[in-house]
Amino acid sequence: MPDNHKIRAPSPSDSRTSSVQTGLTAKWKDLAGLPFVSGLKADAPASLIVFLVALPLSLGIAAASGAPVMAGLIAAAVGGIVAGTLGGSPLQVSGPAAGLTMVVAGLVEEFGWPATCAITAAAGVVQLLLGFGKVGRAALAVSPVVVRALLAGIGITIVLQQIQVLLGSKAAESALANITALPAAITNVELHSALLGLTVVGILLAWRHLPRPFRRVPGPLVAVVAGTAISLAMAPGVERISFSGSIFDAVALPSLPDGNWRAVALAVISVALIASIESLLSAVAVDKMQSGPRTDLNRELVGQGSANMVSGILGGLPITGVIVRSATNVEAGASTRKSAILHGVWVLVFSALFAGLIQLIPLTVLAGLLIVIGARLIKVADIKTSRRTGDLLVYVVTLVCVVFLNLLEGVIIGLALASLCLLFRVLRASIDAHLLQEGARATWRVAIGGSCSFFALPRLKRVLDSVPDGADVLVELNADYIDHAFHEALVAWQAQYSAAGGAVQVEEHGSTAFRDAPLRSPQRQEAVEFPLPPRAGRTPAPGPDGVEPLPLRSILLGIDKYHRRHSHKVRPLVQGLADAQNPDTLFVACVDSRVNPNLITSSGPGDLLTLRNIGNVVGEDGRDGSIESTLAFAVNGLSVDTIVVCGHSNCGAMKAVIADAEGQGPRPGSIGGSFDAWLDHVRPSYRELLAGHPVARAAEAAGYNRVDQLGLVNVAVQLGRLAGHPLTGPGLADGSLQARGLFFDISTARVILVTADGIEQLDPTVAVVCTVDREGAART
């Protein structure tokens, strides 16, 4: 044996080292059991990544808001520590957000920074009251299209404002003023400023396309560091961030605004509502990204309110849950709220120790960062979604109002328009009339669907007036809501029309009873198909007691419904089949009423040639004329490509064969007729079951009972018969014909593929394959 493989006896020092390692491991395990230490292995690295993303964003948002730069870092630290500790979303990261940039800028302009801090603290109190009042879920009752348009409007406003800064000019107060000032800013562009800003924009746009190892470093951090380094080397004279002291020197108590308390109250409510909605929507989005505990929305409001109170008191920006930082937190592998808390600690430490580095950052570098952030708030996917869902008008109106009026007015107008659109869609009833049958006495059909309220009365009157006098009118009422006014109008028209010589019949298919409308307040109920009265003019086929038998009446009423509601939809499908059929599949199924071949194969008229018999058998050569003629017609007459044999669970034929063979229950012959003789087609399958057919073992391994095991084996046996049948064997041998076995499990409504040696689930949500290997062992 080579020397390097010799076994060395343990020395005393090895024992001491081993004991030390064991002791350290034991101590770590003890520490890991402490509440704060557990999970740090994942949370600590994630918190550092979130910190690196939050630092430049917080500085940029503060600069865009017209607030002191350190106010952004105060908000980031408070959002991480306070909201992370008290909030209801374990993985959400809070801090200053772009969504409130324009609001804060307007407040600073109108009231000054100290008063804006007081408004922020007061908004936090409102959020606390909302949280304690358990209205967290109610805050989500805002149309998503309004929120998306709100964010897009904020993004456009930020871009218009920061383009001025990037070009070396001063940003104006409004979006319209920034647009009108753009030509002058381009004419008088400050070249160094513009090149630095465009460099940052280029880095951010290119960063997402780099390989994954590079993208582990946050793009905003790289862009800010690179832009600052370039400015120090090539443009030392550009305007930079300026402040005095550290983050602790920036702490300032708020002051109350001077007068105009109505505007102050409106500002407090605006900040509270916008911050709450953005935080809750962000929390819901974070829940979709991870599989851990869900957000307690009321507790999240309490956490956000507490953070805004503290931030306002200390001189920080308003705080919300931020989806960019939260998504980064999830993607970095955070497991608990400690990641958000630690990210706030890192912001606080950096701001206290390295504040001087922040003053090296040029304003144009932050402008480039904010332009990209604002542009990313405008999502093409949101525009496509609103167009597809019919909400494009709401989106456009909200966006325009947010950009050219102000944020609060834009949101109010957007919500009002969204509510009007909702009322129109919900309250609009579908009412149409068309001629069913011409003749001396015509038949008309009036179809009414949707919410039948007084809003629909003008349309109801117009449609009913279009029906000529003296006809038979069938009113099909498929309503989910009927109020007394609609009931009264329809009944009055029915009485008037009948008095003029016509006949009106009301047929209900909806979820609310027409007859109940005048008896109680309108309400929506569970969907139900109301019983139909006998059709006028039809003579019932008398039963023993002189009344049409119920099953026949049900069939005839079903045919009536088919003619009135479905035949016009089926007609285009079957018009091309009027002269000939060309199915590609012969489907052999049991006669069991629970098996519907067209339903389980999603096929329509003309697709399947169906052979149904007891036990879904194909027989043997010369044993049954019906089966033989069907096989000959399918293979030789129609040249089908595929033959499918489909069994099903809990089959009566399988039960009868087992009961007869094992002497249990009544003999099959007790049913009468040729039932017992017919089961000879199935008895070979029972013998295969006893002999341990591979499909039987696979079915047993999959948990099927004995009856279903026989049903599955029977399908495999019928496939074997097809291979040896003179009508189908040659085609199966040369590949011009194929055979497949299926099994319909009634209890689960799933279809299973049966092969020669096993079974396989065809439902993609149930990935189970049971086969038998060469040694005869079943494998799942």
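**A walk through the predicted model**

Asn705 caps helix 30 at its N-terminal end, with a side-chain oxygen 3.2 Å from the backbone nitrogen of Val707.

Helix 30 itself runs over residues 706-724. Its 19 residues reach 27 Å from first C-alpha to last, close to the 27 Å expected at 1.5 Å a residue. How many of the 19 residues of helix 30 are buried? The count is 15, so helix 30 is largely enclosed by the rest of the structure.

Now step back to the whole chain. The protein chain has 780 residues, and 46% of them count as buried. Its secondary structure comes to 31 helices and 14 strands. Take the contacts between residues at least 6 apart in sequence: 73% of them join residues at least 24 apart.

Helix 6 is mostly covered, with 17 of its 23 residues buried. After helix 6 comes Gly168, which has a positive phi near 95°.

Helix packing comes next. Two packed helices are described by the angle between their axes and the distance between the axes. For helix 2 (residues 40-65) and helix 3 (residues 69-86), the angle is about 135° and the axes are 7 Å apart. Angles over 145 degrees would count as roughly antiparallel, and 65 to 115 as roughly perpendicular; helix 2 is therefore oblique to helix 3. The crossing of helix 2 and helix 3 is right-handed. On the helix 2 side, the contact is made by Leu55, Ser58, Leu59 and Ala62. Helix 3 contributes Val69, Gly72, Leu73 and Ala76. An α-helix has 3.6 residues a turn, so residues three or four places apart point the same way.

Some single residues show how the chain comes back on itself. Val222 sits in helix 11, residues 219-234. Leaving out residues up to four places away in sequence, Val222 touches Ile203, Trp207 and Val217.

Gln581 belongs to a loop, between helix 23 (550-574) and strand 7 (585-590). Beyond its neighbours within four places in sequence, Gln581 is in contact with Leu609, Phe633 and Leu638. Leu638 is 57 residues from Gln581 in sequence, with 8.2 Å between their C-alpha atoms.

Thr443 lies in strand 4, residues 443-452. It counts as buried, because its relative accessibility is 13% and the cut-off is 20%. Thr443 touches Leu435, Leu436, Gln437 and Asp472, with residues up to four places away not counted.

Finally, look at backbone angles. Asn616 has a positive phi near 45° and is a residue other than glycine. Its loop runs between strand 8 (608-613) and helix 25 (625-637). With a relative accessible area of 2%, Asn616 is buried. Ser639 is not a glycine, yet its phi is positive, about 55°. Ser639 is found in the loop between helix 25 and strand 9 (642-648).

How values were computed
Residues are numbered from 1 along each chain as its sequence is written. This is a predicted model: local features need pLDDT of at least 70, side-chain atom pairs count only at pLDDT 80 or more; totals for chains, interfaces and linings use all residues. Side-chain values use heavy atoms; hydrogens and water are left out. Buried means under 20% relative accessible area, exposed over 50%, partly exposed in between (1.4 Å probe, protein chains only). Helices (H or I, at least four residues) and strands (E, at least two) are DSSP runs, numbered from the N terminus. The expected span of a helix is 1.5 Å times one less than its number of residues. A polar contact is a pair of N or O atoms within 3.5 Å; within protein, one must be able to donate a hydrogen and the other to accept it, and residues adjacent in sequence count only if both atoms are side-chain atoms. Contact means heavy atoms within 4.5 Å. Axes are lines fitted to C-alpha atoms, for helices over the stretch in contact, and angles run from 0 to 180 degrees between N-to-C directions. Angles under 35 degrees count as roughly parallel, over 145 as roughly antiparallel, 65 to 115 as roughly perpendicular and the rest as oblique. A crossing is left-handed if the near helix is turned anticlockwise from the far one by less than a right angle, and right-handed if clockwise.
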